[in-house]
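Work through the exercises below with the sequence and the model open. Each task is followed by its solution in steps.

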Amino acid sequence: MPRRQFATYASILTVAMIAFILGFPFLLFALARAIHCAPDTCGAVGLVLGLYGRMLGVLIYGIAMLTVISARCRRAGLSSWWVVASLFWLLAARDVPMAGLNFWAVGFSLGILSFQWPITLIFFFAFVTFLSLWKSSDENGSEPPRRSWKMAQVSAALSAIIGVVMCIPLFVTLAWIGGLRLISPLSAVMFPQHYLYVRIGTHFITLTTALWLLLLVFAGALIHILVAQRRASLEVPPTDFRARFRSRATKLR
C-alpha cells in the first residue's frame with residue numbers, strides 16, 4: 001500500500017473510531033428512547049449493547065488498522081513483526097476503547113474500575129504517524145540512520161513484550177471461557193502489580209515507568225529518522241560548473 005493511501009485509510013478509520021466512542025452514549029440513549037424500555041430493563045439493554053456493540057466496533061477497527069499496517073509494511077519492506085507489535089500495543093490498551101464513555105456497568109463487568117494512561121496506544125499511533133510520513137524505498141526515500149532505527153526496533157520490541165505481560169489477564173480470561181482453568185483471573189490481574197517492579201530506596205520502577213522511558217526513546221528515534229530524511233531530501237547535489245560551461249559552449253558553436 002502506498003504511503004499516502006495508507007495515511008488516508010488510517011486517518012479515516014481513526015476518525016470514525018473516535019466519533020463512534022464519542023457518540024456511543026448518545027446511541028445508547030437514543031436506543032433506550034426508541035424501544036421505550038422500563039427502568040428495570042434499560043440497565044440490561046445498556047449493558048448488553050455497551051459490551052457487545054462496543055466490542056464489535058473495537059474489533060472492526062483493530063482488524064482494519066492491522067490490515068492496512070500490514071499492507072504498508074509489505075510495501076515499505078518492513079518486517080511483519082511490526083504488525084505483531086501493533087497488535088499487542090492495541091490489546092494492552094483495550095481498557096480505554098472498551099470502557100471509555102461507555103455504560104458504567106460495562107467497565108464493572110470487565111473488571112475495569114479505573115483508567116491509566118494508554119501508553120501502548122501512544123506507541124501505536126506514533127508508529128502509524130511514522131508510516132504516514134516516512135518515505136521508504138518504494139518512493140526512492142533514503143535509508144534510515146542505522147543507530148536510530150535500531151533504537152526504534154529495540155524500544156518497540158521491549159514495549160511489545162511489556163504489552164504481552166499486560167495482556168496476561170485477558171489471555172487467562174479467554175482460557176477460562178474456553179474451559180482451560182489453570183489460574184484464576186484475579187491472580188493474573190494482581191500478578192504484574194505485586195511482582196513485576198523494581199524498588200530503589202523509596203521509589204518503585206513499574207511497567208508503566210518502563211513504558212514511559214521506552215516511549216521517549218521510540219518517539220525520539222522516529223523523529224530523528226524523519227528529520228534526517230527531510231534533510232537528505234533538501235540537500236542539493238554539487239554542481240559541476242565546468243561541465244555546464246562546456247555544454248553551453250558546445251551549444252553556442
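**Exercise 1. Locate the bend in H1 and test the helix's span.**

Step 1. At Gly 23, H1 bends by about 50°, the bend being the angle between axes fitted to the seven residues ending at a residue and the seven starting there. Within four residues a proline, Pro 25, follows. The model is predicted: local features need pLDDT of at least 70 and side-chain atom pairs count only at pLDDT 80 or more, while totals for chains, interfaces and linings use all residues. Residues are numbered from 1 along each chain as its sequence is written, and side-chain values use heavy atoms, with hydrogens and water left out.

Step 2. Helices (H or I, at least four residues) and strands (E, at least two) are DSSP runs, numbered from the N terminus. The expected span of a helix is 1.5 Å times one less than its number of residues. Helix H1 (residues 3-35) has 33 residues and should therefore span 48 Å; its end C-alpha atoms are 45 Å apart, which agrees.

Step 3. After H1 comes His 36, with a positive phi near 55°.

**Exercise 2. Which residues of H1 are buried, and what do they pack against?**

Step 1. Buried means under 20% relative accessible area, exposed over 50%, and partly exposed in between (1.4 Å probe, protein chains only). The buried residues of H1 are Arg 3, Phe 6, Ala 10, Thr 14, Met 17, Ile 21, Phe 24 and Leu 28.

Step 2. An α-helix has 3.6 residues a turn, so residues three or four places apart point the same way.

Step 3. Helix H2 (39-76), helix H4 (95-99) and helix H6 (119-133) are what the buried residues of H1 pack against, where contact means heavy atoms within 4.5 Å.

**Exercise 3. Describe how H3 and H6 cross.**

Step 1. Two packed helices are described by the angle between their axes and the distance between the axes. Here axes are lines fitted to C-alpha atoms, for helices over the stretch in contact, and angles run from 0 to 180 degrees between N-to-C directions.

Step 2. The axes of helix H3 (residues 81-92) and H6 come within 7 Å and cross at roughly 140°. On the H3 side, the contact is made by Trp 82, Ser 86, Trp 89, Leu 90 and Ala 92; on the H6 side, by Thr 120, Leu 121, Phe 123, Phe 124 and Phe 127.

Step 3. H6 has 15 residues and reaches 21 Å from its first C-alpha to its last, close to the 21 Å expected. Its buried residues include Phe 123, Phe 124 and Phe 127. Among the elements covering the buried residues of H6 are H1, H2, H3, helix H7 (146-166) and H10.

**Exercise 4. Is Thr 120 buried or exposed, and how far is Thr 208 from it in space?**

Step 1. Thr 120 is in helix H6. It counts as buried because its relative accessibility is 2%. Not counting residues up to four places away in sequence, Thr 120 touches Trp 89, Ala 92, Ala 93 and Leu 211.

Step 2. Thr 208 belongs to helix H10 (residues 207-234). With a relative accessible area of 32%, Thr 208 is partly exposed.

Step 3. From C-alpha to C-alpha, Thr 208 and Thr 120 are 9.7 Å apart in space, and 88 residues separate them in sequence. Leaving aside neighbours within four places, Thr 208 is in contact with Gln 116 and Ile 119.
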